[in-house]
Amino acid sequence: MSERDFSARSSNVSLLHLTKRFRSLDGSGEVTAVNDINLEIRAGELVTILGPSGCGKTTTLRMIAGFEYPTSGSIFIGGRDVAMIPPNKRGLSMVFQSYALFPHLTIYENVAYGLRVQKLPAAEIKERTQRALELMQLTSMAKRFPSQVSGGQQQRIALARAIVIEPSVLLFDEPLSNLDAKLREYMRDELRKLQKRLGITSLYVTHDQSEAMAISDRVVIMKDGWIQQVGTPREIYAFPQSKFVADFMGKANFIKVQVLGIEGEAARIEIEGMRFTVPRAGKAAPRAGSALLVVRPEALRLLPLSSAQGSAALKGRIDRFTYFGNIARYEVSTENAPLLIETYNPEASFVFEEGAEVGIIIDFESARLLPAEEQEQIS
Amino acid sequence: MRENTRLSVAHLVRDPVLLFLVILVFTGLFLFILLPLYKIFSYSITTNEGKLSFQAAWDILRSRTYLQPLKNSMLLGLTTGILATIIGYVFAYALTRVDMPLKGFFKTIATIPIISPPFILSLSMIFLFGRNGLITNKLLGMEDSNVYGMHSLVVVQTISFFPIAYLTLTGTLAKLNPAVEDAALNLGASRGRIFRTVTLPLSVPGILSSFLLVFIQSMEDFSNPAVISGNFSTLAVEAYRTITGMYDMRGGSLMALMLLAPTLIAYVLQKYWLSGKSFVTVTGKPTTSRRQSRDPKLMWPLFAFCMLVSLTIILFYGTVLVGAFVKIWGINFSFTWAHFKYVMTLGWTPLRNSVVLALASTPIAGLLGMIIAFLVVRKEFPGKRAMEFISMLTFAVPGTVVGIGYILAFNGKPFMWTGSAFLLIMAFTFRNMPVGIESGTSTLIQIDRSIEEASTILGATGAVTFRRISLPMLKQAFFSGLVYSFVRAMTAVSAVIFLISPRWNLATISIFSLFESSKYSDAAAYIVVMIVIIIVVIGGLNLLVGRLGNSGTVSSGGSGERA
Amino acid sequence: MRKIFLSMMVLFCLLPLFSVGAQGTPEYKFLTVYTALPESELPTYFSEFEKDTGIKIQYVRLSAGELLARIRAEKGNPQASVWFGGSYDNFVPAAKDGLLEAYQSPELANIPKVYQDAMGYANPFYVGAIGFACNTDWFKKRGLSYPTSWDDLLKPEFKSQISMAHPSTSGTSYTILATIVQMRGEEGAWKYFTALNQNIRQYTKSGTTPPMDVGLGEAAIGITFSHDGLKPAFEGYPVAMSFPKDGTGYEIGCMALIKNGPAKEMANGKLFIDWMLSKRGQNLFETSKSFRIPVNTQATPPKGAISVDSLKVINYDPVWAGNNRTRLVEQFNKVVAAANNLK
């Protein structure tokens with residue numbers, strides 16, 4: 001068995017100024033679902049579009065699939081403008097949120113379907129279908145109907161059906177959202193492994209940020225039809241370029257600061273009258289004046305107020321304390337902003353009870369700066 | 001708005017098969033629905049000299065003779081519609097959800113009255129409950145029972161039309177995702193509560209389309225009221241008599257066209273009610289097959305109900321069957337084959353014609369019905385609403401007027417089709433496909449469109465997707481559409497009065513004529529033979545449709561347990 | 001499946017091609033007839049005609065009212081050449097609307113003037129008198145005798161036992177109405193129908209229904225034409241006809257050429273009309289067991305049929321009846337409605 005045979009045709013995908021407007025529900029006006037999107041997905045890469053519901057991610061996916069026609073802009077798949085190419089001629093595959101298995105066909109026939117409609121020779125259909133079934137460990141249940149197997153198996157049928165036709169691009173529309181948490185994690189890893197082995201260009205849509213982190217080469221954050229930021233999971237997490245991204249991708253604290261000056265990547269700032277240096281402030285850092293310091297909960301450390309004198313940036317009071325064993329989570333109120341603080345391996349240092357007065361130490365190495373009054377949309 | 005029209009036009013251009021289908025369907029609808037209706041309407045408001053005149057229309061409106069019949073028709077339609085839908089629903093529910101004995105028997109019995117050739121149930125009614133009736137007179141000794149009037153009409157029509165409701169609702173209930181009901185059951189809800197809060201609300205599209213179909217059929221029914229309505233006059237019959245008894249074709253046509261109003265209102269209300277609601281229960285995330293209830297507290301009452309209805313049906317049809325084998329129905333009950341000999345010799349040609357034409361129109365009506373349902377539910381194109389609307393029109397107009405409209409439209413250049421088999425086939429097709437459209441539509445809105453998209457993205461063209469994915473999933477609806485068009489084609493009376501020709505005489509017209517000559521037993525024998533033919537054809541259709549692919553979610557095939 | 005699908009689509013597209021009708025040969029031996037006579041009688045006339053002339057008759061059988069509507073709708077391109085059967089008052093509006101070809105058979109010379117069409121379109125070929133179809137069982141059981149006058153129908157023992165078609169929907173029944181009006185004057189007629197209403201079981205839609213009601217025991221008496229009234233009797237139902245001694249109306253059964261019918265059939269159509277009116281055709285009422293009374297004075301009436309002479313027939317004027325139709329029917333509706341309110 002050789003999975004490499006399924007990977008022959010991976011193509012890159014380019015979206016240029018892609019825009020989609022719908023008539024609004026009451027029929028009176030228009031709603032812009034996707035707004036002037038530009039995106040390049042390289043061959044063999046897995047890109048995830050991540051965003052809250054209604055952000056336009058599914059519409060983007062459906063435009064690439066050909067189920068929706070763009071209002072304006074273009075889509076290129078493998079360098080070919082697909083505007084005039086119907087969905088069935090685009091050489092794509094898609095794994096649907098509901099799996100969309102054919103209820104009246106056996107598992108074998110579900111998987112063979114795409115090959116049959118291409119009218120391939122019978123021998124080839126048989127050979128490829130069986131290979132896909134083996135790959136997905138479905139061989140033993142090939143003759144059953146989709147309603148007779150478990151959820152995880154149904155998911156694998158959908159995947160087998162999608163890859164057997166050797167698509168140039170594989171589209172995923174929240175494929176794991178119907179599974180329970182444990183199975184979801186398992187399938188997520190399987191899916192990523194498979195995608196890497198086969199090297200199929202993939203576009204994955206989800207609203208689950210940990211799923212996006214786990215499987216993506218790059219992540220696209222969308223909101224209200226606009227792309228907010230594109231980057232590797234690490235870039236997105238470590239260098240969020242807007243408050244929305246910082247907040248949506250993981251958890252973030254926003255501390256109000258004054259920027260005193262920028263020197264190269266570093267910024268000198270003042271918090272509550274104390275001066276600090278942020279070594280890598282990020283591209284979005286304002287050159288002067290009010291700013292927000294983005295600090296992840298794990299980059300904040302608590303000290304007893306007594307031992308914090310001089311080193312602590314902020315003083316606060318524990319409002320809420322949750323103990324997870326591996327993590328202790330604190331909600332702390334300060335004069336500047338409410339903060340969420342997570343301490344890993346809490347037993348190795350101090351553990352504070354609710355009501356305790358604490359000093360808060362910021363790890364400025366991983367902190368970034370954002371403009372204080374952020375505009376809602378970047379046009 | 002304009003943006004979207006432009007987009008949907010672009011959509012059409014990009015999908016040549018869709019474009020072809022849309023053009024084909026619209027051409028058909030225009031030729032065989034709009035043109036005849038337009039012709040009859042313009043005829044009604046034109047004088048013999050070809051001048052525009054609203055005199056006939058004004059006469060009719062002023063005379064108000066239409067008012068009482070119109071009220072009667074609506075009352076009848078509502079009563080029958082509600083009763084038939086309730087009975088149909090109980091049957092469909094019992095047969096899809098409850099594990100009870102004699103299911104096969106009930107299934108067969110419930111479909112038999114679809115095959116109600118004209119007059120025959122009314123005739124049974126008279127023979128059973130009339131002044132000389134077997135039950136009223138011979139059994140109960142009543143001298144003066146009154147069998148004529150609305151009460152009999154309601155009984156006869158409910159028996160005749162509840163199978164449409166049953167078939168439509170079976171499709172709906174079978175497609176209803178059992179997981180939804182199971183989920184409710186797991187949440188601790190009682191069966192009764194599930195029924196009220198889950199099953200019933202989700203089957204609303206089926207209920208509404210059943211009601212609509214029965215309502216329309218009841219309103220435009222000609223043959224039953226013609227025989228048994230007594231002094232309770234309905235608009236369809238009144239229109240017919242105005243044309244044939246008063247020689248007033250203009251007035252009669254206008255009266256018949258009036259029937260469109262309540263029908264269209266019911267139709268629009270139904271669409272309005274359904275719009276914006278989601279009834280998707282087949283998502284393509286497959287669900288395990290349904291466990292049927294064995295609760296005796298549910299089963300026995302349902303069983304008793306089904307039995308009662310079935311026995312009534314058997315009583316009515318049994319009367320016909322007996323009638324076909326006795327010397328003189330109602331007078332001399334000695335056994336004879338003579339009536340069947342008559343059917344097989346003198347009556348054979350019209351019967352053969354009926355079968356040939358009905359067989360020809362059935363696949364066209366069935367497929368066209370599914371295609372229209374598919375286009376309307378799944379595709380975006382300009383004129384979509386119009387297509388849906390127009391396709392229901394001829395169903396609602398009394399046959400008499402459709403027939404006259406067809407002659408007016410197709411008896412001259414450029415369409416010289418009168419007297420041809422083609423025209424009869426088209427009349428059957430376009431008049432009978434709405435049942436398919438309705439059941440197709442209500443099934444399709446239950447099926448997640450991503451199943452079809454999955455097929456598309458795997459490389460299938462629209463036609464392939466339709467044939468290999470949609471149609472098999474629409475099996476039940478397709479089947480009802482086929483059965484219904486066949487039966488309606490076989491049993492049509494009022495529409496074909498004006499379309500038959502010496503070459504293409506039809507069985508129903510012969511039955512009518514036998515009936516008028518008091519040759520009841522010959523008519524009964526005719527009907528028995530007709531029923532046998534129809535049952536054979538339905539069996540054949542069942543086999544054919546069954547080969548469309550085995551559906552994993554259709555409840556009837558015990559498809560195994562949870563894996 | 002795919003093949004079935006494709007072939008169905010092909011079939012759909014090709015269907016119009018099959019619609020071309022049979023085309024004629026120089027010596028055309030076919031005739032298309034629209035007839036309102038019952039199916040059972042037709043083989044007698046048509047096969048005898050074919051034997052005599054070699055012309056094969058193709059026909060459509062519908063009720064007279066349906067035929068009129070159909071001929072009217074087909075006006076632009078009539079499909080048949082002869083309208084065979086149906087009462088004269090159906091032919092009056094047809095002639096007025098220009099649907100008929102003027103043709104008077106030479107055989108009309110042997111037919112009394114009183115039955116003939118002054119307008120010159122219809123060719124009368126039988127007469128049927130209005131009478132009372134009685135359920136023999138019902139009368140036997142009660143020891144009553146059949147009604148023999150119009151006033152007999154008003155007897156209290158017939159309460160709710162008489163079936164009659166409604167004049168607004170039935171030509172037969174309108175003939176009854178017109179007969180009574182002509183016998184008793186309008187005032188007298190309305191008085192009569194008011195009284196009769198007490199005994200009416202139901203006003204049926206169709207003129208053929210009352211004798212059926214009688215056959216099935218739904219009514220004891222049906223007011224109808226003799227040939228319709230005897231049909232159930234012929235099938236074995238306990239029905240006998242009686243006739244009012246104080247005079248009765250009648251229907252004149254007619255035939256006519258349809259204007260602009262298939263040209264190649266025109267000669268055959270005339271031939272058929274002549275043949276049907278000849279002694280040969282008229283004597284066939286015996287064979288067909290139709291109980292129609294031939295109008296040709298040289299023909300022998302069928303056994304068991306009532307001859308027109310043996311009845312006291314009033315001088316029924318179809319033209320007057322046709323012209324006063326709407327008014328009389330409206331008045332009838334009012335009278336019956338008022339009578340029902342009294343009930």
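**Close-up 1. Surroundings of S278(C) in the predicted model.** In this predicted model, S278(C) touches E107(C) and N296(C), when residues up to four places away in sequence are not counted. The residue S278(C) lies in the loop of chain C between α10 (266-277) and α11 (279-282). Its relative accessibility is 12%, and S278(C) therefore counts as buried, the limit for that class being under 20% relative accessible area.

Close-up 2. Across all chains, the structure holds 62 aromatic pairs. For the pair in chain B, F91(B) and F106(B) are arranged edge-to-face, with 6.3 Å from centre to centre and 85 degrees between the planes, and this pair is taken up again in the next legend. In chain B, F106(B) counts as buried because its relative accessibility is 0%. In chain C, F84(C) and F125(C) form a stacked aromatic pair, with a distance of 5.0 Å from centre to centre and an angle of 25 degrees between the planes.

**Close-up 3. The helices joined by the edge-to-face pair of chain B.** The pair of F91(B) and F106(B), which is edge-to-face, links distant parts of the chain, with F91(B) in helix α4 (residues 67-97) of chain B and F106(B) in helix α5 (residues 103-111) of chain B, 15 residues apart. With a relative accessibility of 0%, F91(B) counts as buried. As a setting for this view, the secondary structure of chain B comes to 26 helices and 4 strands, and buried residues make up 67% of the 563 residues in the chain. Among the contacts in chain B between residues at least 6 apart in sequence, 81% join residues at least 24 apart.

**Close-up 4. Helix α25 of chain B and the residue S518(B).** Helix α25 (residues 507-516) of chain B is largely enclosed by the rest of the structure, because 10 of its 10 residues are buried. The buried residues of α25(B) are A507(B), T508(B), I509(B), S510(B), I511(B), F512(B), S513(B), L514(B), F515(B) and E516(B). The helix α25(B) is followed by S518(B), whose phi is positive, near 65 degrees.

**Close-up 5. The interface of chain B and chain C.** The contact takes 68 residues from chain B and 63 residues from chain C. Between them, chain B and chain C bury about 6,000 Å², of which 59% is on carbon and sulfur atoms. The rule finds 1 salt bridge across the interface of chain B and chain C, in which E235(C) is joined to K519(B), with the closest N and O atoms 2.9 Å apart. The count of residue pairs in polar contact between chain B and chain C, both residues being at pLDDT 80 or more, is 15. By class, the side of chain B that touches chain C has 39 nonpolar, 21 polar and 8 charged residues.

Note on methods: Residues numbered from 1 in each chain as written. Chains lettered and ligands numbered in written order. Predicted model: local features only at pLDDT ≥ 70, side-chain atom pairs only at ≥ 80, totals over all residues. Heavy atoms only, no water. Contact = heavy atoms within 4.5 Å. Buried area = accessible area lost by both parts, 1.4 Å probe. Salt bridge = Lys/Arg side-chain N within 4 Å of Asp/Glu carboxyl O. Polar contact = N/O pair within 3.5 Å; in protein donor to acceptor, adjacent residues only side chain to side chain. Nonpolar A, V, L, I, M, F, W, Y, C, P; charged D, E, K, R; others polar. Buried < 20%, exposed > 50% of the residue type's maximum accessible area, 1.4 Å probe, protein only. Helix = DSSP H or I, 4+ residues; strand = E, 2+ residues; numbered from the N terminus. Phe/Tyr/Trp six-rings, centres within 6.5 Å; stacked < 30°, edge-to-face > 60°.
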